Amino acid sequence: MQSLPHGTSATDPDTKPLIAEFRAATKRYGDILAADALSFGIGKGEFLSFLGPSGCGKTTALRMLAGFETPTSGEVYLDGERVTDVPAYKRPVNMVFQHYALFPHLTVADNIGYGLRQRRPRPDRAEVARKVDRALEMVRLTGFGPRRIWEMSGGQQQRVALARAIVNEPKVLLLDEPLAALDRKLRREMQIELQTLQRQLGITFVLVTHDQEEALSMSDRICIMQSGRIVQSGSPTALYDQPVSRYVADFVGKSNFIDGTLMTRSGNAGQVQTATGHRFAGRLAGPLGPGANASLSIRPEQIGLAHAARDGAEPVTVINRIFLGEHTEYLVRHAALGDLLVLVARQAEAAEGGFAPGDAGHVTWAPEAGLILGLD
Amino acid sequence: MRLYAAAVFAFLYLPIAVIAVFSFNAGTHASQFTGFSVQWYGKALSNPFVMEALRTSFIVALSSALIASVFGTMAALALQGRVRVVADALFYIAVLIPGIVIGIATLIALVTLFGWINPLLALLGPEGQAPQLAMGYGSLIAAHALFSMSLVIIILRARLAGMDRSLMEASADLYAPPFATFRQVTLPLIFPGILAGFLLSFTFSFDDFIIAFFVAGSETTLPIYVFSSIRRGVTPEINAIGTMVLAVSLLLLVAAQIILRGGSRKGAS
Ligand SMILES: Nc1ncnc2c1ncn2[C@@H]1O[C@H](COP(=O)(O)OP(=O)(O)O)[C@@H](O)[C@H]1O
Ligand SMILES: [Mg+2]
């Protein structure tokens, strides 16, 4: 495994025993490298997310863990055992499919009991019924057992899919974009429900999503993926505060990027110069050296917006204002730097007075708020 | 335009309607309606030749439909999940080829085959006692099954293509080995297709005259019986047989349609 940039590690062996592990697992589809030597561990009881844009290989990683795909090379371990070539039906993991994949010819209860009924020796009917009822209760669908699948709404089907998986008490529960098909409000509810359920059951959850809010709000740890590789893994806070590249900073939370060249570096401080000759200081974490293409990343909430010009402030014009309740989001335009997103807290706005589109203003940020990142 | 359509329907269905009406004719003439009666139905059903032909047709239709359903299903499953342009095209062509071509081709193929095998079989026993292959039930069932299999494959390929692959994966994920998945998920979901294919195959075989005419040997199916009787003139008895065959065929076709429609509504969760 290549050494990862400081502050992050793909495996967290010291904190929890591993329930699953990938060792240089690679999956090729013809010329496409869907998983590029993936190496990481999943801690017992952890809520781990794979986050990345569509096509970056998240589903492929999940499917190798479920047993639907065999790695072209490399190994997959589950609970200490090598399962690289073990078929899906022999693996103690369960999946919640993106489009639920509920059996249309079975009732809700029969869908949920399906996994239990495959056990040998076969558990008796009463026991299956009891476990199914408990699972229904857990996903708040008590009494829906005799219903047909097509009589259930999207959100209810989602819960049936969840119940069908957790009723088997898998060692790892795999979720492939489970909330993508739900509307916003329902999605938020299900996020909370999933998190609660995971704590209650203590089952390891592995979630795949392209929705950063989903990953940030639920996960203990997130692996950011880019073209088949994990570019950074860490807690949501660590990823937000110490992204290793512009790609990660862009994917985790909102950020402003000022592209340029790294001019000087001394220790953890450096200066970026834009094409227009503006220079900005910032913190520097990666192995970047002077002359490298770099980007200064500043989170919207770290930029201050004021009417009066102050030392080091940059003049801007307000383009747009969106009131978000606790915060107000401004889009401002700088003559050389382009558009910047500024998030102003309610109190700060009250103290400074609001801005309307077209107003002139000045933005400032502390030098340590700027993070100088590599461009890849 | 509507007049034109009406004319087309009239040309298509009027002769059939005439047959059905005259099957209830009390008189013996096929062209003069003299009163209502079901006597010809009774006559047809008590005619030993008709009953024998009906029995032959029924056995051939049932056997060929069963064989076509089983092997057609297996073929469709083997081709599952793959885009097979050439294979699909060949199945469609097989259904579209005129019956007379299939009939002649099957006849030539079987005669050639028998020409090779019968001399070998003759070695097994003394003159006249060795088993010999000949046209009959076997060739009828084989020819019909072969043709119907294309029908079954086409229906099931469409059904399997419309089926969510992740259902099978979900079953495997829930610890069901491949055969258990087939029995508990795949089969129930494609069963309406198999049933519809069976009914269509049965109907095709039951109604078929052309292919049967070439390969029936000494056996007489109902359509062959009707054809040979007609040469002696159309009687109300023939009309009655025709009407019964029509009714059974329509019933089975409608049933197949209902099964296919209803099944696909459920299948698309
Ligand atoms: N069965 C397959 N055959 C060919 N290419 C595939 C297959 N599955 C996935 N891919 C390709 O692998 C890459 C990663 O896909 P996937 O893991 O589904 O990404 P994600 O889930 O992040 O959207 C994509 O380029 C996709 O087109
Ligand atoms: Mg995916």
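## Contact between the two chains

Two residues are said to be in contact when they have heavy atoms within 4.5 Å. In this predicted model, 21 residues of chain B are in contact with 23 residues of chain A. Together the two chains bury about 2100 Å² between them, and 62% of this area lies on carbon and sulfur atoms. Asp173(B), Leu174(B) and Tyr175(B) supply 37% of the area that chain B buries against chain A, more than any other three residues.

Eight residue pairs are in polar contact between chain B and chain A, counting pairs with both residues at pLDDT 80 or more. Three helices of chain B each supply at least two residues of the side that touches chain A: helix H7 (165–173), helix H8 (178–207) and helix H11 (236–267). The residues on that side of chain B comprise 12 nonpolar, six polar and three charged.

## The salt bridge across the interface

Side chains of opposite charge can pair when their charged atoms come close. Between chain B and chain A, the count is one salt bridge. Which residues form this link? Glu169(B) forms a salt bridge with Arg63(A), and the closest N and O atoms are 2.7 Å apart. The pair crosses between the chains, from helix H1 of chain A, where Arg63(A) lies, to helix H7 of chain B, where Glu169(B) lies. Both Arg63(A) and Glu169(B) are buried.

## Salt bridges within chain A

Over all chains, the count comes to 22 salt bridges. One of them joins Lys27(A) to Glu69(A), with the closest N and O atoms 3.8 Å apart. Lys27(A) lies in strand S1 (residues 18–29) of chain A, whereas Glu69(A) lies in the loop between helix H1 (58–66) and strand S4 (73–78), so this pair ties together parts that are 42 residues apart in sequence. Lys27(A) and Glu69(A) are both buried.

Another salt bridge is found between the side chains of Lys131(A) and Glu127(A), at 3.5 Å from N to O. Both residues belong to helix H3 (residues 125–138) of chain A; because they are four residues apart there, about one helical turn separates them.

## Cysteines without a disulfide

A search of the whole structure finds zero disulfides over all chains. For comparison, a disulfide requires a pair of cysteine sulfur atoms within 2.5 Å. Cys223(A) is accordingly in no disulfide, its nearest cysteine sulfur being that of Cys56(A).

Cys56(A) is buried, with a value of 3%, and Cys223(A) is buried, with a value of 0%.

## Two residues of strand S17

His334(A) is found in strand S17 (residues 327–334) of chain A. With a relative accessible area of 5%, His334(A) is buried. A polar atom of its side chain lies 2.9 Å from the backbone nitrogen of Leu337(A). When residues up to four places away in sequence are not counted, His334(A) touches His278(A), Glu314(A), Pro315(A) and Val316(A).

Leu331(A) is also found in strand S17 of chain A. At 26% relative accessibility, Leu331(A) counts as partly exposed. Leaving aside neighbours within four places in sequence, Leu331(A) is in contact with several residues, including Thr317(A), Val318(A), Ile319(A), Asp339(A) and Leu341(A). How far apart are the C-alpha atoms of Leu331(A) and Leu341(A)? They are separated by 4.8 Å, although the two residues are 10 residues apart along the chain.

Conventions. Residues numbered from 1 in each chain as written. Chains lettered and ligands numbered in written order. Predicted model: local features only at pLDDT ≥ 70, side-chain atom pairs only at ≥ 80, totals over all residues. Heavy atoms only, no water. Buried area = accessible area lost by both parts, 1.4 Å probe. Salt bridge = Lys/Arg side-chain N within 4 Å of Asp/Glu carboxyl O. Polar contact = N/O pair within 3.5 Å; in protein donor to acceptor, adjacent residues only side chain to side chain. Nonpolar A, V, L, I, M, F, W, Y, C, P; charged D, E, K, R; others polar. Buried < 20%, exposed > 50% of the residue type's maximum accessible area, 1.4 Å probe, protein only.
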